[in-house]
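Me: I have a structure to go through, and I want to know what stands behind each label used for it. Please set each value against its cut-off.

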Amino acid sequence: MGERVTARSHDAGPASPEPDGSLLRIGGLVVELPAQDGAGGTVRVVDGVSFDVPAGSTVGLIGESGSGKTMTALAVIGLLPEGAVTGGELVWRGEDLLRPGADRRRVRGHEISMIFQDPLAALNPSLTIGRQVGEILRRDGRPRAEVRRAVIDLLDRAGVPDPAGRMRSYPHELSGGLRQRAMIALALAGDPSLLLADEPTTALDVTVQARILRLLRSIQQERGLAMLLVSHDLRVVAHVADQVVVMYAGRVAERGPASETLRRPAHPYTRALVASVPAVRTRTALAAPLPGAPATPANRPAACAFHPRCPLARDRCRVEAPVAREVEPGRWSACHFAEEVLDR
Ligand SMILES: Nc1ncnc2c1ncn2[C@@H]1O[C@H](COP(=O)(O)OP(=O)(O)OP(=O)(O)O)[C@@H](O)[C@H]1O
Ligand code: SF4
Ligand SMILES: [Mg+2]
């Protein structure tokens with residue numbers, strides 16, 4: 001059973017000042033969903049998450065399955081059920097999208113768009129891809145012929161071969177890789193400033209994955225897009241992200257510059273994650289699987305949720321919840337003993 005709602009969660013950390021160029025600031029975000037045990041309570045699946053997405057940058061969001069990555073992204077784009085976001089703020093260009101009267105419609109789907117792991121879930125099966133992309137472009141009242149040209153151009157930029165022919169295809173007529181590209185074209189049609197990419201390539205084979213990631217990177221650079229990249233793949237995150245946010249059981253364990261954080265973690269959970277992946281481990285000879293099972297939000301251990309799995313855990317960790325603090329300039333950790341982890 002989840003904890004009761006309180007105004008703000010303990011591990012939100014102080015909301016960082018709005019740095020110049022911060023496009024999106026997530027501050028103490030809380031998401032609660034109906035518990036699946038039928039008892040009528042709620043489960044806090046995101047518990048006080050705070051981080052910034054600077055304009056034009058890539059932020060990698062990592063953590064084991066069930067840590068709340070998708071729920072965080074869905075909260076940003078506004079696709080959670082009504083009432084699920086119960087706390088915190090989502091400040092977009094200085095405006096809190098959670099406040100009544102905020103211009104959510106304009107922002108979400110236009111300025112912020114999302115690509116999903118499964119394009120079939122995002123694409124309309126009964127409309128051709130050309131029609132779907134065109135519908136977004138038509139909202140601006142452009143003439144038909146111009147919309148058609150823009151659709152072809154977008155599909156072309158998303159790497160769809162023969163875009164003039166393919167625009168007449170229905171989603172089920174395309175391969176997985178092409179569908180993913182069609183969804184990227186759809187996401188770009190609103191000319192967003194932030195792209196949320198939730199495991200955009202995991203369903204694809206490795207060569208297609210690499211191509212799609214390269215494509216996303218080049219589109220991002222060309223358009224100055226910011227990207228929140230949710231990924232299981234630490235290698236991908238180490239390669240493409242500027243900043244990384246590490247989530248555990250609905251909370252942020254650690255955040256900071258991606259390469260530095262993954263090379264020299266300030267939280268035992270990040271350290272364990274990194275050690276579990278052969279290509280990004282730095283100091284252990286062999287990949288070490290993470291010990292124990294991930295905590296679930298419905299059954300989150302008290303105080304530091306990571307304590308049952310943490311090699312550094314001691315009494316304090318079982319009674320006092322760690323508060324996120326800046327352990328080095330630009331680096332935040334929610335571990336009582338972050339300095340020990342850094343010095344190891
Ligand atoms: N309808 C729901 N009611 C209650 N809990 C839910 C519901 N849907 C999801 N959850 C829980 O919310 C938690 C966060 O889920 P989320 O999908 O954000 O995880 P994730 O980090 O994206 O995981 P993955 O890497 O597997 O995609 C999970 O523990 C999940 O069990
Ligand atoms: S607070 Fe304690 S249990 Fe939690 S990560 Fe740090 S050392 Fe481990
Ligand atoms: Mg997910």
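This is a predicted model: local features need pLDDT of at least 70, side-chain atom pairs count only at pLDDT 80 or more; totals for chains, interfaces and linings use all residues.

Me: Which residues are closest to ligand 1, and what classes make up its shell?
Reply: Ligand 1 is surrounded by 16 residues, with Ser 65, Gly 66, Lys 69, Thr 70 and Met 71 closest. By class there are 6 nonpolar, 9 polar and 1 charged. Lys counts as charged, so Lys 69 is the charged residue of that shell.

Me: Which elements supply the shell around ligand 1?
Reply: β1 (22–34), β2 (42–54) and α1 (69–77) each give at least two residues. The largest share, 3 residues, comes from α1.

Me: Why is strand β9 called mostly covered?
Reply: A residue is buried if 20 or more other C-beta atoms lie within 10 Å of its own. In β9 (residues 243–248), 6 of 6 residues are buried, so the strand is mostly covered. Gln 243, Val 245 and Met 247 point one way, Val 244, Val 246 and Tyr 248 the other way, and all are buried.

Me: What makes β3 and β10 pairing partners of β9?
Reply: Two strands pair if there are at least two bridges between them. β3 (residues 58–62) and β9 have 4 bridges in the parallel sense, so they pair. β9 and β10 (residues 251–257) have 6 in the antiparallel sense, so they pair too. Val 246 of β9 is the bridge partner of Ile 62 and stands opposite Glu 254 in β10.

Me: Which residue in the hairpin of β9 and β10 takes a positive phi?
Reply: Ala 249, with a phi near 50 degrees; the hairpin has 2 residues between the strands.

Me: Why is helix α4 called mostly covered, and what covers its buried residues?
Reply: With the same cut-off for burial, 7 of the 10 residues of α4 (residues 129–138) are buried, so the helix is mostly covered. The buried ones are Ile 129, Gly 130, Gln 132, Val 133, Gly 134, Ile 136 and Leu 137. Their cover includes α5 (144–157), α6 (163–166) and α7 (176–189).

Definitions and conventions
Residues are numbered from 1 along each chain as its sequence is written. Chains are lettered from A and ligands numbered from 1 in the order in which they are written. A residue is buried if 20 or more other C-beta atoms lie within 10 Å of its own, exposed if 12 or fewer, and partly exposed in between; C-beta atoms are placed from the backbone. A residue is near a molecule or strand if its C-beta atom, placed from the backbone, lies within 6 Å of it. Two residues are in contact if their C-beta atoms, placed from the backbone, lie within 7 Å.
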